[in-house]
Amino acid sequence: MISLKHVFKYFGEFRALNDVSLEVAAGERVVVCGPSGSGKSTMIRCINRLEEHDDGEIWVNGNPLTEDVKKLTEIRKDVGMVFQQFNLFPHLSVVDNLTLAPMKARGLSKSDATELAMTYLNRVHIPEQAAKYPGQLSGGQQQRVAIARSLCMQPKIMLFDEPTSALDPEMIKEVLDVMIELAEDGMTMIVVTHEMGFAKKAANKVVFMDQGEVVESAPTEQFFSQPESDRTKLFLSQILTH
């Protein structure tokens, strides 16, 4: 489904990704964790080519990521992405935020796109917010709208880049609950997060990154109970005791 092979990414002299390789199978839920600046967000942005990798190969759904704009557009139709910031259009209602991409990119009629939007607003448990504007919603509700917006493109893969880091603590659970439901439905997911409770509950595999490298990649239970790397052990001892 997703394959990274010896991927490098530089920002000037700084090596943000250093020989990163990762395989994600269809239906797999992978949590990527690590300290700030470890390359987690850069890696996930490269998968959707929001950042262009400098060396190595990235394959999505059997297609290589190249400069071919036509092929890239096709790949992106299958990949949904949710960011730290919600990136909703403030001047559009919730339902109009959701219908825009299906109408423009997939050619759906207004009525079909609206029906689809309401399906996914129900999916994230906020259909009653359809007519409101983003500024009238809480942060947790806005992030759930952002998830629904991605789902409206009916992606095969969902990428989440620290989706709860901009939220107040009491709003985090409502977003994670929606993500856990997606995981239980078999959605292929890569999630960059510090929420280790979510990782234990929803992930098949956990990847630990540091200094642009994949330090450890293991099935979830093994990652938490028997980490191999000393660096992983130190990270877990710090993050799980607070």
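Trainee: What covers the buried residues of α4?

Mentor: In this predicted model, the cover includes α3 (94-105) and α5 (139-151). The buried residues themselves are Ala113, Leu116, Ala117, Tyr120 and Leu121.

Trainee: What puts them on the same side of α4?

Mentor: Around the axis they cover an arc of only 135 degrees, so they lie on the same side of α4. Ser111 and Glu115, on the other side of α4, are exposed.

Trainee: How do you know that the span of helix α4 agrees with its 14 residues?

Mentor: Helix α4 runs over residues 110-123, and at 1.5 Å a residue it should span 20 Å. Its end C-alpha atoms are 20 Å apart, so the two values agree. Just after α4, His125 has a positive phi of about 70 degrees.

Trainee: How many aromatic pairs does a search of the whole structure find?

Mentor: Two. One of them is formed by Phe208 and Phe235, 4.8 Å centre to centre.

Trainee: Why is this pair called tilted?

Mentor: Stacked needs planes under 30 degrees apart and edge-to-face needs over 60. The planes of Phe208 and Phe235 are 40 degrees apart, so the pair is tilted. Phe208 is in strand β9 and Phe235 in helix α9, 27 residues apart.

Trainee: Why does Phe235 count as buried?

Mentor: Buried means under 20% relative accessible area. Phe235 has 6% and therefore counts as buried. Phe208, with 0%, is buried too.

Trainee: What makes the pair of Phe223 and Phe224 edge-to-face?

Mentor: Its planes are 85 degrees apart, and the label applies over 60. Phe223 and Phe224 are both buried. The charged end of Lys200 sits over the ring of Phe224, 5.1 Å from its centre.

Key:
Residues are numbered from 1 along each chain as its sequence is written. This is a predicted model: local features need pLDDT of at least 70, side-chain atom pairs count only at pLDDT 80 or more; totals for chains, interfaces and linings use all residues. Side-chain values use heavy atoms; hydrogens and water are left out. Helices (H or I, at least four residues) and strands (E, at least two) are DSSP runs, numbered from the N terminus. The expected span of a helix is 1.5 Å times one less than its number of residues. Buried means under 20% relative accessible area, exposed over 50%, partly exposed in between (1.4 Å probe, protein chains only). The arc is that of the directions from the helix axis to the C-beta atoms. Contact means heavy atoms within 4.5 Å. Rings of Phe, Tyr and Trp (its six-membered ring) pair if their centres lie within 6.5 Å; planes under 30 degrees apart count as stacked, over 60 as edge-to-face and the rest as tilted. A charge sits over a ring if NZ of Lys or CZ of Arg is within 6 Å of the ring centre and within 35 degrees of the ring normal.
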